[in-house]
Amino acid sequence: MTLSFPNPSRSLDETRNAVRFIGHDGMFEARFFVKAQALMIADAELGRSIYEVARKVYSSGRRDSYTLTAADFR
């Protein structure tokens, strides 16, 4: 299966200072958090979507949740 993002809902996680969203790999759900600093870099990086970066991080190994940082967008 491939990771998809059928639900466009996002929420702010103030504790983590991140935006939270969900990806789906078949029947499995993966939680993603994008740190605020990474969001600024993602805006500046034309052509690299948050979903692309999320798929790359996800492919490195399955976990309960994934936190995307500025380093993931470089």
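Figure 1. Arg62 is exposed, with a relative accessible area of 58%. Buried means under 20% relative accessible area, exposed over 50%, and partly exposed in between (1.4 Å probe, protein chains only). The two side chains meet in a salt bridge of 2.7 Å, N to O. A salt bridge here is a side-chain nitrogen of Lys or Arg within 4 Å of a carboxyl oxygen of Asp or Glu. Asp25 sits in strand 3 and Arg62 in the loop between helix 2 and strand 5, 37 residues apart. Helices (H or I, at least four residues) and strands (E, at least two) are DSSP runs, numbered from the N terminus. The model is predicted: local features need pLDDT of at least 70, side-chain atom pairs count only at pLDDT 80 or more, and totals for chains, interfaces and linings use all residues. Residues are numbered from 1 along each chain as its sequence is written, and side-chain values use heavy atoms, leaving out hydrogens and water.

**Figure 2. The salt bridge of Asp64 and Arg31.** These side chains meet at 2.5 Å, N to O. Asp64 lies in the loop between helix 2 and strand 5 and Arg31 in strand 4, so the bridge ties together parts 33 residues apart in sequence. Asp64 is exposed at 56% relative accessibility. Arg31 is partly exposed at 23%.

**Figure 3. Arg16 between Asp13 and Phe33.** Arg16 forms a salt bridge with Asp13 (3.7 Å, N to O). Arg16 also lies over the face of Phe33, 3.8 Å from the ring centre. The rule for a charge over a ring: NZ of Lys or CZ of Arg within 6 Å of the ring centre and within 35 degrees of the ring normal. Arg16 is partly exposed at 33%; Asp13 is buried at 19%.

**Figure 4. Aromatic pairs.** The whole structure holds 7 aromatic pairs. Rings of Phe, Tyr and Trp (its six-membered ring) pair if their centres lie within 6.5 Å; planes under 30 degrees apart count as stacked, over 60 as edge-to-face and the rest as tilted. Phe21 and Tyr51 have centres 6.0 Å apart and planes at 70°, so they are edge-to-face. Phe32 and Tyr66 are stacked, at 5.0 Å and 20°. Ring pairs link Phe5, Phe21, Phe32, Tyr51, Tyr58 and Tyr66 into a cluster.

**Figure 5. The largest nonpolar core.** Such a core is a set of buried Ala, Val, Leu, Ile, Met, Phe, Trp, Tyr and Cys residues joined through side-chain atoms within 4.5 Å. Of its 17 residues, Phe21, Phe32, Leu68 and Phe73 touch the most other members. Helix 2 gives the largest share, 4 residues.
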